[in-house]
Amino acid sequence: MKKGIINSLSWVFKSMYSLSVVAFAGIIIGTIISPLINHSTGSDILNYSLSTHIKLPVSYEIWNDGEFSYNASLNVNEISLSVNSIWYRVLDIISSLITYGCVAWVFKLLSEIFKSLSQSIKEVQFFDLENYTKIKRIGFISLGFHIYGFVESICIAWLFIDELSIGGKAVSYGPDLSDLSHLFPISIIFVIAEVYKAGIKLKEESELTI
């Protein structure tokens, strides 16, 4: 990989880290200032990743005065709640802080990794144990973030939503299991870390041989 590309990626990740820190700080400042300047009792619109499966009656007319009716299956994967409870708002703020905190941390680690790689090109030392630790740390941060999101969905679905109906039918929501598909790309991060570790061992063995 050319040094120019590595330096560019390092700069991009460093910039994204700075933006994430600004967003993180903005949430904290907004949380403090908002109650002082906003005295309305309106509801907040909060979005959650939940899912449910229901069957609703459907009918339509066809030519020659024919009719057809059946129960259609419907999957709903997102839900927006209009709430005025302080506890929902607190949970939303915590989720936002965790999200931007994890994003900022990952971008910081990525910028440090690519900065280290840029220095490694000068010294012809491409495999470094510290970078291996940072790559694994990115994997654990990503894993922890998605586990938190899944647990949050369980809490919203099972503890906070009391009654919900769609088309006059009572339905129950649960965590969106499709979110578990994110575990696959996260596992790739750990695979990359182990491949990088194998490179470190090969470098150490070659140095001992010499």
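1. Two residues are in contact when heavy atoms of theirs lie within 4.5 Å of each other. Leaving aside residues up to four places away in sequence, Ser111 touches Ser10, Phe13 and Lys14. Ser111 itself belongs to helix α2. It counts as buried because its relative accessibility is 10%, and the limit for buried is under 20%.

2. The mean pLDDT of the chain is 76, and 68% of the residues reach 70 or more. Among the elements, helix α3 (residues 129-160) has the highest mean pLDDT, 85, while strand β1 (residues 44-48) has the lowest, 62. Where pLDDT is low, the predicted coordinates should not be read in detail.

3. The overall architecture can be stated briefly. The chain contains 4 helices and 7 strands. Read from the N terminus, the order of the elements is α-β-β-β-β-α-α-β-β-β-α. The student may wish to trace this order in the structure before turning to single residues.

4. Some totals describe the chain as a whole. It has 210 residues, of which 28% count as buried. The accessible surface amounts to about 14,200 Å², and carbon and sulfur atoms account for 65% of that area. Of the contacts between residues at least 6 apart in sequence, 77% join residues at least 24 apart.

5. The whole structure holds 3 aromatic pairs. One of them is formed by Phe13 and Phe114; this pair is tilted, with 5.5 Å from centre to centre and 35° between the planes. Phe13 lies in helix α1 and Phe114 in helix α2 (residues 86-123), so that the pair links distant parts of the chain, 101 residues apart. Both Phe13 and Phe114 are buried. Together with Phe107, these two residues form one aromatic cluster. Phe13 is also one of the residues that Ser111 touches.

6. Val12 lies in helix α1, which covers residues 3-37. With a relative accessibility of 37%, Val12 counts as partly exposed.

7. Charged pairs form the next topic. A search of the whole structure finds 4 salt bridges. In one of them Lys134 is paired with Glu112, and the closest N and O atoms are 3.1 Å apart. Because Lys134 lies in helix α3 and Glu112 in helix α2, this pair ties together parts that are 22 residues apart in sequence. Is Lys134 buried or exposed? Lys134 counts as buried, since its relative accessibility is 10%. Glu112 is partly exposed, at a relative accessible area of 24%.

8. Lys134 has a further partner. Glu130 forms a salt bridge with Lys134, and here the closest N and O atoms are 3.4 Å apart. These two residues are 4 apart in helix α3, so about one helical turn separates them.

9. Another salt bridge joins Lys136 and Glu194, whose closest N and O atoms are 4.0 Å apart. Since Lys136 lies in helix α3 and Glu194 in helix α4, the pair ties together parts that are 58 residues apart in sequence. Lys136 counts as partly exposed at 23% relative accessibility. Glu194 is also partly exposed, with a relative accessible area of 39%. Elsewhere, salt bridges that share partners join Lys108, Glu112, Glu130 and Lys134 into one network.

10. The last point concerns a loop residue. Where does Asp179 lie? Asp179 is found in the loop between β7 (174-175) and α4 (183-209). Its relative accessible area of 24% makes Asp179 partly exposed. Asp179 and Ile147 are 32 residues apart in sequence, and their C-alpha atoms are 9.6 Å apart in space.

Definitions and conventions:
Residues numbered from 1 in each chain as written. Predicted model: local features only at pLDDT ≥ 70, side-chain atom pairs only at ≥ 80, totals over all residues. Heavy atoms only, no water. Buried < 20%, exposed > 50% of the residue type's maximum accessible area, 1.4 Å probe, protein only. pLDDT = per-residue confidence, 0-100. Phe/Tyr/Trp six-rings, centres within 6.5 Å; stacked < 30°, edge-to-face > 60°. Areas by Shrake-Rupley, 256 points an atom, 1.4 Å probe, with all protein chains shown as cover. Salt bridge = Lys/Arg side-chain N within 4 Å of Asp/Glu carboxyl O.
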